[in-house]
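Keep the 3D view open as you read.

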Amino acid sequence: MWTLTPSSRLPLYKQIIQLVERLLASGKLAPGERLPAERMLAQLMGVNRTTVVHALDTMVDRGLLIKKRGSGTYVNSEKWGVQNYALVNWQGPSEVLPGKSECAFLRDALVMREAAALSGRPFHDLSGDGLSPDLLPDLGFPQWSWEEMVFAEKNEETARLGLLSLRLSVQRFLREMRGLLVPLDEILITTGSRQSLFLISQCLLRPGDAVGVEAPSYFYSLPIFQAAGLRLFPLPMDGGGIYVSGLENAASRRPLKMIFLNPVFHNPTGSVMKDARKKAVLSFCARMRIPIVEDDACSLLPFGKPRDMSSLKAHDKQNQVVHMGSLSSYAGRTLRVGWLVAPPAVIARLADVRLMMDAGLSVLPQILATEYLNHAAARHLPDIRAKLAERAARLAARLDSLFGSRITFSRPSGGLFTYVAASEAGAHAHALLQRDFLANALQPALGEAFGDMRGAFRFNHGCYV
């Protein structure tokens, strides 16, 4: 297990680093596992102890390993602070890629789902982040001929920025639904939020840059940041979103090059950042010259008329917010269409890189997205809001009746997610809760996936049919 490759021409300390990376990727080294002592590693590998120390220290600096005084060196069980090499082609150290999980909870959930399907018993898989099929819009196909689509795809502006009719529809949609007055040259069409994040991480940031994300956050679960060699650092939050004192503390420890926020119906907690905090965060970031990326994924799914629904971008007076939107939370993943709003120079740069990457977007999904924004959204959104509110209430009632004081949660005011925390601390209590969720045919996503190690669970009430 600890044998180096004899034929390698790399320096010995780099060979040790590569070996540890391979062991992590293969699962032979597990998160939280203790490594052999430095002297033992030196003997096993046939190298000097100083070489082992140099390699381990390098991996500690990158966050892959953690040293505990008087205890030893351990594999980091979290991704906070981890830096991997920049991997534009996604090759090399493969621990940045999402592998098949060996989590016992997920294995048990798979077995119970399959058994339920065979027996015809209900089982609610609420671990995903999409809409259930019955909530998708009934979307007709507009009258475009094949020749018209081919001609549109050959248009240079369409290839770089997106279909003009769709950009105009997004511009109107943002104005009417989000109160954003956005010039057309500040809108770039993408294939969704993940492509937007990929472009931002590869084009606006550099390997080794420190970026802040909410803790917990779905950003934590994405390999995109690690593939770009970025280091994620947590921004503490409460029921009203992140707060300036926590952001200030994070920024004082390291120079944050950018922060990524999901302020309205946050994933996974479902929280809504208060408007006063949005302004305070913008003010602090303006003073510190920290750009903000805002993911506005679910803001059009409120239950009733909750407060603080405005976009961060709506309060942005200094053009410091890059705004991301997508249709997947409203119209499903079949419509893989999103948009970025940023200053024209940034849009031009991202568009050029995206054009080199995929040679232009397909026109077909853009035509369907235009149809949805122009004709279907007005009748579809009120319908799914009502259904989501009803499902969230039913799920909350069931959780209350089954688990009572064993869990705590706030009833969501909109969006897709209900976030539940175990009342009792400790691994044993959390394992029992996981077992009992499955026993009652409920599968949530585990909070660990979002960087939350406190025994938390995310339920997608949109799938509670």
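**Salt bridges, spaces and backbone**

Arg 49 is partly exposed, because its relative accessible area is 37%. Here buried means under 20% relative accessible area, exposed means over 50%, and partly exposed lies in between, with a 1.4 Å probe and protein chains only. This is a predicted model, in which local features need pLDDT of at least 70 and side-chain atom pairs count only at pLDDT 80 or more, while totals for chains, interfaces and linings use all residues. Residues are numbered from 1 along each chain as its sequence is written, and side-chain values use heavy atoms, with hydrogens and water left out.

Start with charge pairs. Side chains of opposite charge can pair when their charged atoms come close. A salt bridge is counted when a side-chain nitrogen of Lys or Arg is within 4 Å of a carboxyl oxygen of Asp or Glu. The whole structure holds 20 salt bridges. In one of them, Arg 49 meets Glu 38 at 2.8 Å, N to O. This pair links distant parts of the chain: Arg 49 sits in helix α3 (residues 49-62) and Glu 38 in helix α2 (residues 38-45), eleven residues apart. Helices (H or I, at least four residues) and strands (E, at least two) are DSSP runs, numbered from the N terminus. Glu 38 counts as buried, because its relative accessibility is 18%.

Now look at Lys 67 and Asp 57. They form a salt bridge, and the closest N and O atoms are 2.8 Å apart. Lys 67 belongs to strand β1 (residues 65-68) and Asp 57 to helix α3, and the pair links distant parts of the chain, ten residues apart. Lys 67 is partly exposed at 35% relative accessible area. Asp 57 is partly exposed too, at 32%. Glu 38, Arg 49, Asp 57 and Lys 67 are linked in a network of salt bridges.

Move on to Asp 436. Its salt-bridge partner is Arg 406, with the closest N and O atoms 2.8 Å apart. Asp 436 lies in helix α15 (residues 427-439) and Arg 406 in the loop between α14 (363-403) and β12, so the pair ties together parts that are 30 residues apart in sequence. Asp 436 counts as buried at 14% relative accessibility. Arg 406 is partly exposed at 34%.

Next comes empty space. Rolling a probe the size of a water molecule over the atoms shows where empty space is left. On a 1 Å grid over the protein atoms alone, a cavity is a set of points where a 1.4 Å probe fits but cannot get out; a pocket is an open set with protein on both sides within 12 Å along at least five of seven lines; lining residues have an atom within 4 Å of a point. Grid points are joined across faces, edges and corners, and a volume is the space filled by probe spheres set on the points.

How many cavities of 30 Å³ or more does the whole structure have? The search finds one. Helix α7 (164-178) and strand β10 (321-326) each supply at least two lining residues.

The second largest pocket holds about 440 Å³. It is lined by 20 residues, and Gly 239, Thr 269, Ser 271, Ser 410 and Tyr 419 are the closest to its centre. Strands β6 (231-238), β12 (407-409) and β13 (417-422) each contribute at least two residues to this lining.

Finish with the backbone. Most residues other than glycine have a negative phi, and most peptide bonds are trans. The bond from Ala 215 to Pro 216 is cis, with omega near 5 degrees. Pro 216 sits in the loop between β5 (210-215) and α9 (224-227). Asn 267 and Pro 268 are also joined by a cis peptide bond, with omega about 25 degrees. The loop between β8 (256-261) and α11 (275-288) holds Pro 268. Phe 265 is found in the loop between β8 and α11. Its phi is positive, about 55 degrees, although Phe 265 is not a glycine. Is Phe 265 buried or exposed? Phe 265 is buried, with a relative accessible area of 2%. Asn 319 also has a positive phi, near 55 degrees. Asn 319 is partly exposed at 38% relative accessibility.
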